[in-house]
Amino acid sequence: MSVALSSLKVMVIDDSKTIRRTAETLLTKAGCEVVTATDGFDALAKIADTRPNIIFVDIMMPRLDGYQTCALIKNNSEFKSTPVIMLSSKDGLFDKAKGRIVGSDQYLTKPFSKTELLGAIEAYAK
């Protein structure tokens, strides 16, 4: 286990209980502290309290989608430097470009592997 991962607090925002549970299990085993949220509103309410080091956000969610959630996080001066990684079942160029426009730092296609998930975190855990 990497030393960098053991001190990280990671937020996973996804309306799918399966994705949240899978990510939480993988990240907890890697030594991360994990905070989950069911949608953008839930996440925004928790971010200020939990202050995650890195945030994974699903694109397709009810109420507040991943793009809107990412934009709100990046527009907040306190959290704009927090890496936000978009999660999507669509591997389209348009989706990746839109993710970049709202300020996302990376894009992972679901289903993601343990290697992809941990690799994304290690890339920002410096």
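**Reading a sheet, a helix and a loop**

User: Which strands pair in the parallel sense over 4 bridges?

Analyst: Strand E3 (residues 54-58) and strand E4 (residues 84-88) do. Two strands pair if DSSP finds at least two bridges between them. Helices (H or I, at least four residues) and strands (E, at least two) are DSSP runs, numbered from the N terminus. This is a predicted model, where local features need pLDDT of at least 70, side-chain atom pairs count only at pLDDT 80 or more, and totals for chains, interfaces and linings use all residues. Residues are numbered from 1 along each chain as its sequence is written, and side-chain values use heavy atoms, leaving out hydrogens and water.

User: What is the bridge partner of Phe-56 in E4?

Analyst: Look for Ile-85.

User: How do strands of a sheet pair, and what is the order here?

Analyst: Strands of a sheet pair through backbone hydrogen bonds, either parallel or antiparallel. Here, 5 strands form an open sheet with parallel pairing, in the order E2-E1-E3-E4-E5. Its edge strands, E2 (33-37) and E5 (106-109), each pair on one side only.

User: Is helix H4 mostly covered or mostly uncovered?

Analyst: Buried means under 20% relative accessible area, exposed over 50%, and partly exposed in between (1.4 Å probe, protein chains only). H4 (residues 66-74) is mostly covered, with 7 of its 9 residues buried; among them are Tyr-67, Cys-70 and Ile-73.

User: Where is Ser-81, and is it buried or exposed?

Analyst: Ser-81 sits in the loop between H4 and E4. Ser-81 counts as exposed because its relative accessible area is 65%.
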